[in-house]
Amino acid sequence: MKKLQKADYIKMYSFMLKIRRFEERAAQLYGMGKIGGFCHLYIGQEAVVVGILMTINKNDSVVTTYRDHGHMIARGLDPKRIMAELTGREDGYSAGKGGSMHMFSKENNFYGGHGIVGAQVPIGTGIAFTHKYNGEKNICRTYIGDGAMNNGQVFEAFNLAALWKLPVLYIIENNKYGMGTSVDRAAAGLDLYKRGEAFGIPGEKVDGMNVFSVIEAADKAGKYVREGNGPYIIEVQTYRYRGHSMSDPAKYRTKEELDNYKQTDPIEIVKAEILKKKIATNDEIEKINKDTLEEIKNAAEFATNSPFPKESELYTDVYL
Amino acid sequence: MSTEILMPALSPTMTEGNLSKWLIKKGDSVKAGDLIAEIETDKATMEVEAVDEGVVLDLLFKEGEVNIPVNKAIAIIGDPNEKIEARKEAPVEKVIEEKKIVKNIETKIETKKDEIIDTPSPKIEEDTNLSSEEITMRQALRDTMAEEMRKDNKVFILGEEVAEYQGAYKVTQDLLQEFGKERVLDTPISEHGFTGLAVGAAFKGLRPILEFMTFNFSMQAIDQIINSAAKTLYMSGGQINCPIVFRGPNGAAAQVAAQHSQDFSSWYSQVPGLKVIAPSTPYNAKGLLRSAISDPNPVIFLENEILYGLKGPVNNDINFSIPIGKANIEKDGKDLTIVTYSIMLQKSKEAALRLKEEYNLDVEIIDLQTLRPLDTETILDSVKKTNRLITVEESWPFGSVGSEIANIVQRDAFDYLDSPVIKVNSADVPMPYSLSLEKLYLPQVDDIINAAKKVSYIK
């Protein structure tokens, strides 16, 4: 297990909190009509991406689904520009052409932001192929929703990754629902982490509400992949507090179920640990809370004041 | 009774074969099932079995002889005591043979006529670097890939049977031997997966050449081609480009029926973010493939299985390229314009020859070479000169490349037209298997001639 420093605890707490505040603000802007289209929030799942973040190198690549805001924040990208993409403005990471689901940052090795369920899995496998082809020691972390685990191309990618021993870490974010359909109504066999077994890909199930469990599993899996052993699957058991997207009332689940998960809130777990270990005082935590709120408020203001893209931008970036 | 052993057709498009090796010699006794020879086809080298019994009376070709037409007798077996001249063919075999000959002519027609009418287009004529030797389209494609792979380590090729098998149509022959298995990769039959993988590799900076065994199988992967490869540059605000070539045979081969005979040119040409190329000769195949591999965008490179064997001169300069988006005026003319691409260039040229002879019509032929971006300027200039236009292509009629050209021409050159634009397409049905129906389905020279007469008001 990776040895965590005091600063690591603060980093984890800050990032998780930043993601949550960001998403809450995004929901507000959506309600005000400042953000349109599809908007999938990450609230409840923060420990997954932040836990993985603690175990990676700067030159590792990442590719994920359309539930990507939290992933970008964890990657260290600027919340201002993420929010500006959500509002469709020229300062957004995709200059307003991608929106919530399609954000990229090549310089940070963040390869999206993909809107087609399952499509990012072969793509992440191809990015891993490139790391290997170039003789680099980097790995590609490829996130997969539980819904995509019933999609054919995922298994084609698993086969290729195992066949060619590609440095790809597959992280299944099992938040229990593919849109409105619960995992047990969609998947024959609930142990999604075992779905690489036929290809010889080791898999492991992890409590995704607890960031420390995620770090432990990700650390081990990351080492396995980086050492050239081929792909590895981590299934992270998590939960989204909000609906699938902003337009989803989430009537397919009970309030009790949601409340039950909120008892194990990932941010509260880290906070309790920080206080228990006396890494920071209550006042210091309160300051982080305030600063984070302020940062996100500024991001929202930036994103609503950034100009809309120029009309001439309609025809740019079709070809290089 | 003696029997001739004929050069067999060992692939749907094979018209001739090379005798690599005899596995029998004169005087040997053979029985049905015995291996008698190794024949090199347009796709592979294969062993041939005897179907009759008898003593080998004569071998009619020597080992190493090439270009032996399908259905030509290559050996005679029978009773050694019987005179060879006295042989008689069984009626059933006769019928089979006739059918094969018809088919042979059918696929041969382009190359045969081509030899007669193939005066090189002005561009080729002007090319001072033209090779004296003629090579096949497949070799032109292969050589270009090899040249580009030598130049840039980031170029690699993947696809089904591209490595060990040497390519289902031998387009990747010897690439594995030269570049090794890190750069020439056999994939599982898994188009959706390996296409997505190649797209990811291109996002990350490699330059994959992805071979679809045929473009029919690209349907399995079309989401990755359109939603991932074509759109990500735009969706990322210009950050992430996808330098990849999707190549392979497109359109009809010969009697491979509905699921293996489809022209996807207009499908892919519809998509912003993709470039679409359809070469027609070894010369432009070389120049265009080089441009495709060097391009920073995803390129759909539509080859044609029947054209793989087409021979012609090429420019062997390893930097020779033909720009994407530029049509070639294959033949100058003043009476009407034919706009075409890929294999239909051959049929259009044949039609032009007959239109001159039979109706004294001087036809201008434009070979599009690139379908997207479309060279509308060359088309419009030609229509403004000839005032009549027909489009000839193998795809289905609804929303075809010709449909778009007809739209552009009526919009931008309406006053120049002396007659409505006529499109010549395949029939609006799935491709039938039967030889006779297949011929009806595909555009034929007579269809082009009829269209030309119609736009020229000739009864």
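Okay, quick one on terms before we start: two strands count as paired here if DSSP finds at least two bridges between them. Keep in mind that this is a predicted model.

With that in hand, look at chain B. Strand 10, residues 155–159, is joined to strand 11 by three bridges, and the two run parallel.

Now zoom out to the whole sheet. That pair sits in an open sheet of seven strands in chain B, ordered 11-10-12-13-15-14-20, with mixed pairing. Which strands are at the edges? Those are strand 11, at 184–186, and strand 20, at 370–372, each pairing on one side only. Going from one strand to the next, the twist averages 20°.

Over to chain A. We've got eleven helices and eight strands there. The C-alpha atoms fill a box of roughly 55 × 50 × 40 Å along the principal axes. As for burial, 53% of the 320 residues of chain A count as buried. And if you take the contacts in chain A with a separation of 6 or more, 75% come from residues 24 or more positions apart.

Last bit, the interface. Here 32 residues of chain A are in contact with 33 of chain B. On the chain A side, the elements giving two or more residues are helix 5 (120–133) and helix 6 (152–163). Helix 5 of chain A has the largest share, nine residues. By class, that side has 16 nonpolar, twelve polar and four charged residues.

How values were computed:
Residues are numbered from 1 along each chain as its sequence is written. Chains are lettered from A and ligands numbered from 1 in the order in which they are written. This is a predicted model: local features need pLDDT of at least 70, side-chain atom pairs count only at pLDDT 80 or more; totals for chains, interfaces and linings use all residues. Two residues are in contact if their C-beta atoms, placed from the backbone, lie within 7 Å. Helices (H or I, at least four residues) and strands (E, at least two) are DSSP runs, numbered from the N terminus. Ala, Val, Leu, Ile, Met, Phe, Trp, Tyr, Cys and Pro count as nonpolar, Asp, Glu, Lys and Arg as charged, and the others, Gly among them, as polar. Axes are lines fitted to C-alpha atoms, for helices over the stretch in contact, and angles run from 0 to 180 degrees between N-to-C directions. A residue is buried if 20 or more other C-beta atoms lie within 10 Å of its own, exposed if 12 or fewer, and partly exposed in between; C-beta atoms are placed from the backbone.
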